[in-house]
Amino acid sequence: MAHEKKPFVNLFCLRACFLNPADDAASAEASPYTDFDFDNITYWVGEGENQAALVIDWRDGKEPESLVWGYRWDGEATGADMFAAIVGSGTATGGPYVGGLYGDDARLYGKLVWWESFGGAYTVSGIGYDLDNDGFGYEAGEYPGEDGAPSDEGDHYVEGWYSGYWSYWVSDSGSDWAYSGYGISARVLSDGSWDGWSFSGTAGYGDGSAPITPVAAQSAVPIPGAVWLFGSGLMGIIGIRRKMKS
Ligand SMILES: [Ca+2]
Ligand SMILES: [Ca+2]
């Protein structure tokens with residue numbers, strides 16, 4: 001993990017020190033937390049002069065319960081655009097991302113439900129995460145969207161609408177978290193804004209509490225090339241020994 005931090009520090013210094021010091025400082029300080037801001041985020045998706053954060057708080061007793069990603073863009077982007085850019089796999093029943101989610105982080109899984117009746121808008125019904133970094137699988141339960149579970153007990157996954165609820169929280173210009181009843185399709189991101197999702201197994205629609213201070217999400221750790229080489233070399237040796245024995 002530690003070796004991944006260095007390029008980020010160098011990139012940040014390039015941006016902060018040479019390109020646009022005033023803008024970057026103002027955006028970096030905008031946060032609904034007193035002890036966590038954009039400088040603490042390590043997993044960034046997208047390119048552009050604006051930045052926003054996505055916090056997901058599972059509240060399932062598996063640590064860390066709350067994680068954060070960063071998103072950069074130019075022009076206009078919605079909460080749905082940020083969600084789709086970051087979440088690596090999952091389903092979307094309709095709307096602009098119909099068919100599935102193909103964002104950057106393969107460890108993140110999401111289920112979006114498209115509601116045509118409200119003029120067309122997404123609702124988040126479930127979010128999962130490969131917490132132990134060995135793959136993620138979703139298992140549908142008896143009641144679709146209400147009691148699905150991760151196939152790996154080491155991973156995050158919770159879902160619900162009537163029984164359990166993902167509440168949506170927003171922060172702009174460093175304001176405190178505010179509950180949003182509008183969902184991610186109508187949410188227009190601003191530079192320095194934060195979007196947060198927080199699950200409650202007991203809350204119903206329109207209820208819940210703001211996401212706790214997150215931990216910076218990390219990219220999946222690939223098996224280093226040297227280990228692969230060593231592994232395949234070992235297989236070769238075993239193969240030769242078997243051949244010699246027979
Ligand atoms: Ca896993
Ligand atoms: Ca596992």
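Which strands form an open sheet, and in what order? I looked this up at the outset and found four strands in the order S4-S5-S6-S9, with mixed pairing.

**Entry 1: basis of the model**

I note that this is a predicted model, in which local features need pLDDT of at least 70, side-chain atom pairs count only at pLDDT 80 or more, and totals for chains, interfaces and linings use all residues. Residues are numbered from 1 along each chain as its sequence is written, and chains are lettered from A and ligands numbered from 1 in the order in which they are written. Helices (H or I, at least four residues) and strands (E, at least two) are DSSP runs, numbered from the N terminus. I recorded four helices and 13 strands for the chain. Of its 246 residues, 35% count as buried; a residue is buried if 20 or more other C-beta atoms lie within 10 Å of its own, exposed if 12 or fewer, and partly exposed in between, with C-beta atoms placed from the backbone. I also looked up contacts, which require C-beta atoms, placed from the backbone, within 7 Å. Among contacts between residues at least 6 apart in sequence, 53% join residues at least 24 apart.

**Entry 2: the open sheet**

I returned to the sheet S4-S5-S6-S9, taking two strands as paired if DSSP finds at least two bridges between them. Strand S4 (87–92) and strand S9 (156–159) stand at the edges with a single partner strand each, so one side of each has no neighbour in the sheet. The twist from one strand to the next averages 30 degrees; axes here are lines fitted to C-alpha atoms, for helices over the stretch in contact, and angles run from 0 to 180 degrees between N-to-C directions.

I then followed the pairs across the sheet.

- S4 and strand S5 (residues 105–115) run parallel and are joined by five bridges; Thr-91 has Lys-111 in S5 as its bridge partner.
- S5 and S6 run antiparallel, with eight bridges between them; Gly-110 is partnered by Ile-127 in S6.
- Strand S6 (residues 121–129) pairs with S9 in the antiparallel sense over four bridges, and Gly-126 stands opposite Glu-159 in S9.

S5 and S6 form a hairpin with five residues between them, and Gly-119 in that turn has a positive phi of about 80 degrees. In the loop between S4 and S5 I located Tyr-102. Its C-alpha atom is separated by 5.3 Å from that of Ser-89, 13 residues apart along the chain. Tyr-102 counts as partly exposed because it has 13 C-beta neighbours inside 10 Å.

**Entry 3: strand S10**

How many residues of strand S10 are buried? I found seven of the seven residues (165–171) buried, so S10 is largely enclosed by the rest of the structure. Tyr-165, Ser-167, Trp-169 and Ser-171 point one way, whereas Trp-166, Tyr-168 and Val-170 point the other way.

S10 pairs with strand S12 (residues 194–200) in the antiparallel sense over seven bridges. Two bridges join S10 to strand S11 (residues 178–179), also antiparallel. I noted Val-170 in both pairings: Val-170 stands opposite Asp-195 in S12, and has Ala-178 as its bridge partner in S11. The hairpin of S10 and S11 has six residues between the strands, and Ser-173 there takes a positive phi near 55 degrees.

Leaving aside neighbours within four places in sequence, I listed the contacts of Trp-69 as Ile-41, Tyr-43, Val-45, Leu-54, Ile-86, Asp-105 and Ala-217.

**Entry 4: backbone exceptions**

Most residues other than glycine have a negative phi, and most peptide bonds are trans. I recorded the following departures.

- A cis peptide bond, with omega about -10 degrees, joins Glu-63 and Pro-64; Pro-64 is in the loop between strand S2 (50–57) and strand S3 (66–73).
- Arg-59, in the loop between S2 and S3, has a positive phi of about 55 degrees. Arg-59 has 18 C-beta neighbours inside 10 Å and so counts as partly exposed.
- Asn-133, in the loop between S6 and strand S7 (138–139), has a positive phi near 60 degrees. With 14 C-beta neighbours inside 10 Å, Asn-133 counts as partly exposed.

Terms used: Two residues are in contact if their C-beta atoms, placed from the backbone, lie within 7 Å.
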